Amino acid sequence: LAQHGIIVWIVDNRTASGKGMQSAWPLYRNFGALELRDIEDGVAWLKAQPYVDGSRMGISGVSFGAFMTLYALTHSQSFTMGIAEGAVTDWTATAAIYTERYMGLPQENVDGYRRSSPRFSAASLTGELLLIHSALDDNVHPQNAMQFAYELQKAGKPFQMMMYPKSEHGVSDPQLALHLRRMMLDFTLRNLVR
């Protein structure tokens with residue numbers, strides 16, 4: 001990406017920090033909103049730099065990072081494009097042991113689960129999207145991608161989608177990983193480099 005003039009920047013938002021439970025507690029029962037504020041604070045700093053074109057910003061992630069990518073594309077106007085691999089789109093359709101630790105039980109936090117699930121905001125998608133999922137993913141079930149795709153289709157939102165039939169949570173086969181990275185590079189160049 002850097003060889004094509006694209007700045008690669010990583011934000012250490014509240015859920016990505018790994019600095020202990022204290023950093024995650026403000027997010028209890030409500031994923032997305034505070035982390036997006038952290039990302040947008042960083043984006044504002046980037047846009048203030050003289051070497052950054054703020055009209056061409058992309059976002060990408062895997063797993064929770066992919067959830068954040070979809071959350072950002074449905075709750076922000078900051079991004080031209082996004083790539084989401086293995087994204088949670090509905091917190092009721094993923095690993096309960098992780099989700100319930102931070103979100104509580106679905107029946108006790110109905111509004112939080114809905115508010116934190118990009119599936120229900122798909123009609124607000126801005127920017128170009130490449131949605132990627134592995135068919136054998138038993139951590140973030142493929143139904144997440146299918147539900148999000150369905151909501152995008154109902155809303156008339158264009159997007160691209162790639163499924164990896166023999167991969168689990170993440171594409172690890174070297175040949176398929178090469179396919180994935182080439183596709184991601186092509187998508188990024190097409191949408192960020194003019």
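Residues are numbered from 1 along each chain as its sequence is written, and side-chain values use heavy atoms, with hydrogens and water left out. Because the model is predicted, local features need pLDDT of at least 70 and side-chain atom pairs count only at pLDDT 80 or more, while totals for chains, interfaces and linings use all residues.

Helices (H or I, at least four residues) and strands (E, at least two) are DSSP runs, numbered from the N terminus.

Two strands pair if DSSP finds at least two bridges between them. Strand 3 pairs in the parallel sense with strand 2 (residues 81-85) over 5 bridges. Within this pairing, Leu131 of strand 3 has Ala84 opposite it. Strand 3 also pairs with strand 4 (residues 160-164), again in the parallel sense and over 5 bridges. There, Tyr164 in strand 4 is the bridge partner of Ser134. From strand 3 the chain runs through helix 6 (residues 143-154) to strand 4, a right-handed β-α-β crossover. Right-handed means that, with the strands pointing away from the viewer, the path from the first strand over the helix to the second runs clockwise.

Ser134 lies in strand 3 and is buried, with a relative accessible area of 3%. Leaving out residues up to four places away in sequence, Ser134 touches Pro142, Tyr164, Ser167, Glu168, Gly170 and Val171. Contact means heavy atoms within 4.5 Å.

Helix 6 has 12 residues, and the distance from its first C-alpha to its last is 16 Å, close to the 16 Å expected at 1.5 Å a residue. The expected span of a helix is 1.5 Å times one less than its number of residues. The buried residues of helix 6 are Asn144, Ala145, Gln147, Phe148, Ala149, Glu151 and Leu152. They pack against helix 3 (64-75), strand 3 and strand 4. After helix 6 comes Gly156, with a positive phi near 70°.

Helix 2 (33-47) has 15 residues and reaches 21 Å from its first C-alpha to its last, close to the 21 Å expected at 1.5 Å a residue. Among its buried residues are Leu34, Leu36, Ile39, Val43 and Leu46, and the charged residues Glu35 and Asp38 are on the list too. Strand 1 and helix 3 are included in what covers the buried residues of helix 2.

Most residues other than glycine have a negative phi. Arg29 has a positive phi of about 70° although it is not a glycine. Its place is in the loop between helix 1 (21-24) and helix 2, and at 28% relative accessibility Arg29 counts as partly exposed. Ser63 also has a positive phi, near 60°. Ser63 sits in the loop between strand 1 (58-62) and helix 3, and is partly exposed with a relative accessible area of 21%.

## Salt bridges

Side chains of opposite charge can pair when their charged atoms come close. A salt bridge is a side-chain nitrogen of Lys or Arg within 4 Å of a carboxyl oxygen of Asp or Glu. The structure holds 3 salt bridges.

| Asp53 | Arg56 | 2.8 Å |

In the pair of Asp53 and Arg56, Asp53 is partly exposed, with a relative accessible area of 32%. Arg56 is partly exposed as well, with a relative accessible area of 27%.

Asp90 lies in the loop between strand 2 and helix 4 (96-103) and Arg119 in the loop between helix 5 (110-115) and strand 3, so the pair ties together parts that are 29 residues apart in sequence. Both Asp90 and Arg119 are buried.

Glu151 and Lys154 both lie in helix 6, 3 residues apart, about one turn of the helix. Glu151 is buried, with a relative accessible area of 19%, whereas Lys154 counts as exposed at 52% relative accessibility.

How values were computed. Buried means under 20% relative accessible area, exposed over 50%, partly exposed in between (1.4 Å probe, protein chains only).
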